[in-house]
Amino acid sequence: MCSWDSLTITEQTQIRRAMAQNPVAGTIQATGMALRWAGAEDAPPPRSYSETEQRELVPRLGAVVLGLVGRGLVSVQEAEGPFPAASDPAVTGGQLHAVLADPANWLWNPHSSCRFYLAAPDEVREQWGNDVYPTADVIGLPAWDELSIAQREVLVCAAEASGMLTGPFGISSSVDVRVTTSLGHKGFAVSCGHEIWPR
């Protein structure tokens, strides 16, 4: 098996999502954020992809996932219940190509179920678990009890909603610069437009 660092940011994102059994829907937005955080040349601007942009990226992301499936690093599963289960069948052959070619499976829609999700075999989890989920260096950072309520809300937002402070998944109608700036000074996060990312 190749090294984690030999994978592209896009490949790493698919594997990370597969280890978390995340749906195919929403993967394009997650990939865009990963590219932006990594400072990649092909990173999107500091905003979400539009629906048109997502549709244009479907062939590219589909090809990446197909490549990872071919190497045995991820699989695409079809959920038979409300949550992923070990008994869910893998999508293969022509159906796999059709699923990955259909933009409807890539675009997040809160009004429809996400039938298809990414999964990773145990070998991948064992090989790259520490790379995907590295231990955070918290030396010198304040304890949770030392943070204000506002600072806690921002950090929870960064952890649970990918740093979305505003918009449909945000916690606020506007960004409180004082809160994000103070967190940056404490070494917790940096502000970038309407997003933050824990260091």
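This is a predicted model: local features need pLDDT of at least 70, side-chain atom pairs count only at pLDDT 80 or more; totals for chains, interfaces and linings use all residues.

Trainee: Is F116 buried or exposed?
Mentor: F116 has its place in strand 2; helices (H or I, at least four residues) and strands (E, at least two) are DSSP runs, numbered from the N terminus. Buried means under 20% relative accessible area, exposed over 50%, and partly exposed in between (1.4 Å probe, protein chains only). The relative accessible area of F116 is 7%, so F116 is buried.

Trainee: What distance in space, C-alpha to C-alpha, lies between N105 and A25?
Mentor: N105 is found in the loop between helix 4 (93-101) and strand 2, and this residue is buried at 17% relative accessible area. Not counting residues up to four places away in sequence, N105 touches V24, A25, V99 and F116. N105 and A25 are 80 residues apart in sequence, yet their C-alpha atoms are separated by 5.5 Å.

Trainee: Which residues does E11 touch, not counting residues up to four places away in sequence?
Mentor: E11 is in helix 1 and is buried, with a relative accessible area of 16%. The side chain of E11 reaches the backbone nitrogen of T8 at 2.9 Å; a polar contact is a pair of N or O atoms within 3.5 Å, where within protein one must be able to donate a hydrogen and the other to accept it, and residues adjacent in sequence count only if both atoms are side-chain atoms. With residues up to four places away set aside, E11 touches V64, L68 and R71.

Trainee: What covers the buried residues of helix 1?
Mentor: Helix 1 is mostly covered, with nine of its 11 residues buried. These buried residues are T10, E11, Q12, T13, Q14, I15, R17, A18 and M19. Their cover includes helix 2, helix 3, strand 2 (116-119) and helix 5.

Trainee: Around the axis of helix 5, what arc do its buried residues cover?
Mentor: The buried residues of helix 5 (residues 122-132) are V124, W128, G129 and V132. They lie on the same side of helix 5, because the arc that they cover is limited. On the other side of helix 5, E126 and N130 are exposed. The arc, taken from the directions from the helix axis to the C-beta atoms, is only 155°.

Trainee: Is Q151 buried or exposed?
Mentor: Q151 has its place in helix 6 (residues 149-160). The side chain of Q151 reaches the backbone nitrogen of S148 at 2.9 Å. With a relative accessible area of 7%, Q151 is buried.

Trainee: Which elements give two or more residues to the lining of the second largest cavity?
Mentor: On a 1 Å grid over the protein atoms alone, a cavity is a set of points where a 1.4 Å probe fits but cannot get out, and lining residues have an atom within 4 Å of a point. The second largest cavity holds about 30 Å³ of space, where grid points are joined across faces, edges and corners and the volume is the space filled by probe spheres set on the points. Its lining consists of I28, T31, L35, Y49, L57, R60 and L61. The elements that give two or more of the lining residues are helix 2 (27-37) and helix 3 (51-70).

Trainee: What share of the residues of the protein counts as buried?
Mentor: The protein has seven helices and four strands, in the order α-α-α-β-α-β-α-α-α-β-β along the sequence. Among its contacts with a separation of 6 or more, 63% join residues 24 or more positions apart. Of the 199 residues, the share that counts as buried is 38%.

Terms used:
Residues are numbered from 1 along each chain as its sequence is written. Side-chain values use heavy atoms; hydrogens and water are left out. On a 1 Å grid over the protein atoms alone, a cavity is a set of points where a 1.4 Å probe fits but cannot get out, and a pocket is an open set with protein on both sides within 12 Å along at least five of seven lines; lining residues have an atom within 4 Å of a point. Contact means heavy atoms within 4.5 Å.
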